[in-house]
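Hi everyone, thanks for making time this morning. I'd like to walk you through a structure, so let me put it up on the screen.

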Amino acid sequence: MGVVLLQEILRYNHLVTTISNSLVDLEKGIKGLVVMSEDLEEIFRCINEARVPKMWSKTYPSQKPLGAWTRDLVMRVDQFFKWAHTGTKPLIFYLSYFTFPTGFLTAVLQTSARANSISVDTLSWEFIVQILDDVNITGQPKDGVYIKGMYLEGAGWDRKNCCLVEANAMQLVCEMPTIHFKPAELKKKPGRGIYSCPCYYYPDRAGTAERASYVVSVDLKSGAATLITGLRGVLLYSYLWTCEELIRVVLLYSYLWTEEFRICYCYSRLCKIYRNKIYCKCIVKILCQYFVIQSLGLYRTMLVDKSADLILQIS
């Protein structure tokens, strides 16, 4: 585990140093003290458009706008800062904060294998979804780790019965409770009533040439949704761009975009995130209603009804 911590710190230190140096050079370039290179021009353009520069996004993939990406980076660094300075592992790990979550999970299996003097090849995962709230978790598990920050798409979660259920109306994603990732030796294949739910690092399931998005398959009790979970494509995300962040982007460019373009942008962006046109149509209409209710002056009341026709045209 110490090796994983060291590797993560080195990667984030390099990222923070790159951001600091590029911003200092950009300030000098704006003042005319140095020549504006292509990289500096790209950074300037990205900051102006609230996008993450390519130079900054090499450490880990992200689809978030610049503001949300910065807040997320602060929380990531804070987790590893506390871990390094206190010398104790966090009580609950956020899987999305690791630049290489598969490496972290492998390290947990190796630690368990050494402690029990067994081969790491014989170990697999047992997933125990916690019923209690996080405040009631007071100590480290005897074996394995607690993982938080995973989001379920395509279904809901019943905390009482610990199983998959139908999602609530208009609910796109459901935040999962803390899950205990427990190493298990010679575990049998999941039987009926268990759904092996794939977990992805971020909403782009295909990943990139350099980085695969798939992390691990989490066994969840399917409950009444036994026959539909596989066909529906129920899955987990450890890194999500929320609707609130999408609203911030629309607000940022509200003075440049027309009403029709805002709707088209929201719809196209959500299609890239959720890959489900029915969900995207529903949430765009919710966003339109949100702007009208908040009286932000971005949408007229008639636009709520008008949005449905526009969505049909662009789909």
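First, a caution: what you see is a predicted model. The protein chain has 9 helices and 11 strands. Of its 315 residues, buried ones make up 44%. The accessible surface comes to about 17000 Å², and 56% of that belongs to carbon and sulfur atoms.

Now to the inside. In soluble globular proteins, nonpolar side chains tend to be buried together. Here, the largest nonpolar core has 53 residues, and those with the most contacts inside it are F104, F181 and V218.

Let's stay with F181 for a moment. Which residues does F181 touch, once we leave aside its neighbours within four places in sequence? Among them are L105, W125, F127, V145, I147, M150, V216 and V218. The list also includes E126, D143 and G144.

That brings us to helix 4, residues 101–116. Its 16 residues should span 22 Å at 1.5 Å a residue, and the end C-alpha atoms are 23 Å apart, which agrees. Which of its residues are buried? They are P101, F104, L105, A107, V108, L109, S112 and A113.

Q7 counts as partly exposed because its relative accessibility is 37%. Q7 and T99 are 92 residues apart along the chain, yet their C-alpha atoms are separated by 9.4 Å.

Next, two backbone details. Most residues other than glycine have a negative phi, and most peptide bonds are trans. You'll find S117 in the loop between helix 4 and strand 2. C162 also has a positive phi of about 55°, although it is not a glycine. C162 lies in the loop between strand 5 and strand 6.

Are these two buried or exposed? S117 is exposed, because its relative accessible area is 67%. C162, on the other hand, is buried, with a relative accessible area of 13%, which is under the 20% cut-off.

There is another cysteine I'd like you to find: C197, in strand 9, residues 194–200. C197 is buried, with a relative accessible area of 0%. How far is C197 from D219 in space? They are 22 residues apart in sequence, and 6.0 Å apart from C-alpha to C-alpha.

V16, V77 and F81 make a nonpolar surface patch of about 230 Å². V77 lies in helix 3, residues 66–86. Its relative accessibility is 32%, so V77 counts as partly exposed.

Technical notes: Residues numbered from 1 in each chain as written. Predicted model: local features only at pLDDT ≥ 70, side-chain atom pairs only at ≥ 80, totals over all residues. Heavy atoms only, no water. Core = buried A, V, L, I, M, F, W, Y, C linked by side-chain atoms within 4.5 Å. Buried < 20%, exposed > 50% of the residue type's maximum accessible area, 1.4 Å probe, protein only. Contact = heavy atoms within 4.5 Å. Patch = residues over 30% accessible without salt bridge, like charges linked within 9 Å, V, L, I, M, F, W, Y side chains within 5 Å. Areas by Shrake-Rupley, 256 points an atom, 1.4 Å probe, with all protein chains shown as cover. Salt bridge = Lys/Arg side-chain N within 4 Å of Asp/Glu carboxyl O. Helix = DSSP H or I, 4+ residues; strand = E, 2+ residues; numbered from the N terminus. Expected span 1.5 Å × (residues − 1).
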